[in-house]
Structure formats: structure tokens, C-alpha cells
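Could you walk me through this structure in plain terms? I'd like to know what to look at and where to find it.

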Amino acid sequence: MNIVVCVKQVPDTATERKLRSDDKTLDRDAADGVINELCEYAVEEALRLKEAHGGEVTVLTMGPDKAGDTIRKALAMGADKAVHLVDDALHGSDALATSYAMAQALKKVGFDLVVLGSESTDARTGVLAAMLAERLGVPQLTFANKVEVAGDAITVQRVTDYGYDRVEASLPAVVSVVEKINEPRYPSFKGIMAAKKKPVQKFGLADAEIDASQVGLANSWSEVADFEAAPPRAAGTVVKDEGDGGVKVADFLASKKFV
Amino acid sequence: MSEILVLVEHVEGQVKKVTLELLTLARGLGEPSAVWTGAGYSPEARARLAEHGAEKVYVADSADIADHVVAPKAELLARLVADTSPAAVLVAATAEAKEIAARLAIKIDSGVLTDVVGIQDGLLAEQSIFGGGVNVRSRVTKGTPIVAVRPNATPVEAVAGAGAEERVEITVSDAAKAARIVERVKEEKGARPELTEASVVVSGGRGVGSAENFSIIERLADSLGAAVGASRAATDAGWYPHQFQVGQTGKTVSPQLYIATGISGAIQHRAGMQTAKTIVAINKDPEAPIFELADFGVVGDLNQVVPQLIEEIAKRK
């Protein structure tokens, strides 16, 4: 099975994240770049499927040169090779433009199964997997907390508000995974060393046959008009429990008409 | 005035509150048209939508739409957009509705904005990003704006609309039937409100200490008619089911009141609750970052404070 796992480098959520004042895009220099947490679950799931069914795991990322670190992390976990979609013209792409560029790259790479995390910690749109399924014309098996493959048949448990749906489809397909689907492995020392020798192919726009008029900040389908740091919440009252903490909370709730 | 299509969220035939919020928002943008998909439609549902401003109610309740993942609903909306040329399409910022919006955006070549908390003149959408640290205003620049709005972001106002019902017959394409729902598994939830819709949420974290002790969080929640949430530390420890996790990798909630008990308030958690209107924190560590967000905080042992609070609430009812 030819599995492509899409990963994203995001600013570390433990650091202060910012938008750039010039073009209102994510300031990638302001914070350390790390692999998006849910992408680790996606890599793990891809590796488990390969271990169970054979085949190959290719990592695909779109991002600046710096995102190469995230590729190495996924390779160190055990993926076989990688494709890095990197081109200045992609800078500032919104979800629609990103999904277009990624879909073009996926068509080029070829796949039986595309696996990704259900959401990134920076943009948090949660739409990329559905957009890829739409653009690629393959079944959408998203928000999965369990994935089973048998021949060409694939079944997932799709997490819902009420529990889950069992969903069936045929490969090729796009799967997005939620946290708790598995426990991502830590790269071993051997894995880290091996990752340095694994092939990473760089794709520019032309390599993936991406139409430049459909990507980048200026060609996106949406734009940031303006932004500002959220005003800090007004300082509240903090009291020490002197045996009457519960009463004091009740007083506060009553003053706000919650009780 | 142009139509504004509002995708209806419903559970067991009941229209969810977020849909009434969207209809309220839609009235400020044009003429709201509710779009009902899937099973459970009834005259009562129509009446509820009309009471909140729906001028039209499009109904597409064929099994084909309900029994396949996301894609048929996007096809239906694309068809309605083509037929009615609306000024905008509003959906709830739930996991599934955002995916419907995503596929619709590609079908009708239009921009989509997610997790919107308000809409200003000129369809300028307000978003709160980076765990509530930055407020953004953004807009769609191509096509018909598709906007996914967070539950609890808009106060509901009931202003009656005509609520004229229009049946929509649609043949779902084979491509949209590629992912088949073969079974729906309902997990026991009890009588509590749904986490993202609840106006009050009571959450427990590491300080709760055990799965058994979550019963006091549940009792406090029940005394306030609240939903129960949990921090990642609590769900990772297996004390409370993962679907109740509030935070960066869990649910985002914006209730009127959020009570954080035994939660330190790491960014992981704050990202999911920072836009709550009023925040109360109970934690024994006076240095816990949650107190920086709290409108009211008690430094103390939740095992003492919470039972007393439950008792006080009961007394004052």
C-alpha cells in the first residue's frame, strides 16, 4: 500500500505566536517550528498500516525550507521518503489554495491512502482533509479514531458528537485522524540517524503542475483585513479559601445571576 | 434582499441552539433561508426555524444525504447556491459542518472562513486565534462567502419569518456516495447539554485526582444545568472520556460561564475556553496561570470548595 502522510510545521504553542505586520500572515520566525501534534498521530497510523499491510510511507509537507525539520522528524519515526513542496509563490496560501497545491502534489506522488491530522494547532480550520477528498475525488474518511484496511476496503470509526459512525469505502481514500487513535512512537537514535539518509524530493510549482494564479497570498479566496492582540481580560478577584470558598463562589455566581 | 443560506444543525429532530444563533446573525445580512438536511424534519422544526426568522425552509431529507459522509450535503448546498444566488452561506463551526463548508467552497469556487465569533458590516468576520491571543478580522475575496460561526457567539433573538417550506429533490452523485455510514453508535451521554452548545461548562483537570472523583464535577455541573468538560491531563489519565476534552486538541467552547476546577490553565487548555464570557477557577496552586484569566478565583482544595459550592447553589435555588 502506497501511503502518503501529510504533515505540517506549526509554531510551538508554548511560545508566543504572532501574525506579521507587513502581510498579515503567520510569523514563522517569531516562534520555534515543531511538527503539528495531530500530524504525529497521522504518521504513527501510517506506519502501523504499513507494518500490517506492507508498502511504503511517503511524507508530504508544504512550507518554507525550515519545514524540512518536520520532514526529518517524520522520517526518524520510520517513514521511508519525503516530498517537500516548497516555493515562494505558495507563501500566504489560504485553505483553498493550500488544498489545491497539496492535491496537485498528491496526484504527482500517487497514493492508495492519504493520512493527515484532523486539525493544525495554528490555523485550526479542520478543513484540509475534506478539501483534499473533494479535489482528488476520493472518499473522505475523516475524524477517525480507528482505521482498518482489508484489501481495497477501508473502514473507519468517525468520531461524532453522539459517539461514532462506522464508515466504509474503497481505496484510494483520504483519512484524517484524531488524537487518541494511537500513541505516537518516539524516534529511536537509529531512526534519527537513518532519517538523514532518506530521500527528500523538493517540489516547486512546476514539478507539481501547480497553476501560479491559484496559490499564494494574492490569489487566495480569503484575506485577513486587520488584526490586533486580544485585550487582556480584566483582572479578576482571587481569594484564598478560608473554609468559605464555596460560599464565595456562590456569591459571585449570584452576583452574575448564574444562580 | 438576498437570501442567506443557513445550514440547520439538529439532533433527534430538535433544532440546535446554534442554528437559532445563525438565523439571528443571518437576519442582519439578508433574508434567512434555513436548509434542513437528513431525517427528523417536522412541522414543529419548521415552526421553530420560522420563529427565529427563517423566511424559507428548504428540506432535503432523503436517506442518500444522511447515509454518506459530508459530501452529499455539500452537493445540496452547491445546488441551492446555484439556484438562489445567496449573499452568504452560514454554517455552525462544528467539525462536520466545517467539512461541509470546505467541500462546498471548492464546488462553488468560494472562500470559507472558520470559527468566526462575529460578523460586521461588509461581511467582515471576527475570529479569535492562537488560543485567544489575537483577534483577527477577515473576509472572503472570491465567490459567495461561506462562514462557519462558533456556537454561543451570538445571542439568540426570536423575530418571526414566513418559514415557507420548499422541498428540494436532489440526486446525490455516485462520487458523493463513496464514504458510506454503515452504523451509528450512540454512546451514553446522560441528560447533560452538549459541550459546545452549553451556556455553562464545568471542567475538571489534574487536581480532580481520579476518575471516581469526577463525580463531584458532574454534581456541580448538574446543579447548574451545565455540561462537563475535562482538561487534557484528565483525559490522558483516563479519568474522563476523551470526547469531553476542552482545549487545543479537543473542543473549543465559548459558554456564558466556565468553571475550571483543578486545572492549571496551560495553553493547551486555554486555547479551548479563553473566549468564555465569565471564568471561575478553583485551584490549590496560587501561581496557576488559570487565575490570570479568571473573573473570580479561589485558591483552595476543590474537594472542600466544590461540595460547599454545590450545597450553596442548592440552598439558593
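Let's start with helix α5 of chain B, residues 95-107: its 13 residues reach 19 Å from first C-alpha to last, close to the 18 Å expected at 1.5 Å a residue. That expected span is 1.5 Å times one less than the number of residues. Helices here are DSSP runs (H or I, at least four residues), strands are runs of E of at least two, and both are numbered from the N terminus.

Before going further, a word on the source: this is a predicted model, where local features need pLDDT of at least 70 and side-chain atom pairs count only at pLDDT 80 or more, while totals for chains, interfaces and linings use all residues. Residues are numbered from 1 along each chain as its sequence is written, and chains are lettered from A and ligands numbered from 1 in the order in which they are written.

Back to α5(B). Twelve of its 13 residues are buried, so the helix is largely enclosed by the rest of the structure. Buried means that 20 or more other C-beta atoms, placed from the backbone, lie within 10 Å of a residue's own; 12 or fewer makes it exposed, and anything in between partly exposed. Just after the helix, Asp109(B) takes a positive phi of about 55°.

Now zoom out on chain B. An automatic or database assignment sets the domain bounds, giving domain 1 (3-177) and domain 2 (200-316). Their centres, taken over C-alpha atoms, are 31 Å apart. Seven residues of domain 1 of chain B are in contact with nine of domain 2 of chain B, contact meaning that the C-beta atoms, placed from the backbone, lie within 7 Å.

Over in chain A, you'll find six helices and 13 strands. The C-alpha trace of chain A spans about 65 × 45 × 40 Å along its principal axes, and 51% of the 259 residues count as buried. Of the chain A contacts with a separation of 6 or more, 72% come from residues 24 or more positions apart.

Why does Val43(A) count as buried? Because 29 other C-beta atoms lie within 10 Å. Leaving out residues up to four places away in sequence, Val43(A) touches Val5(A), Val7(A), Ala74(A), Met77(A), Ala79(A) and Pro184(A).

Note on methods: Two residues are in contact if their C-beta atoms, placed from the backbone, lie within 7 Å.
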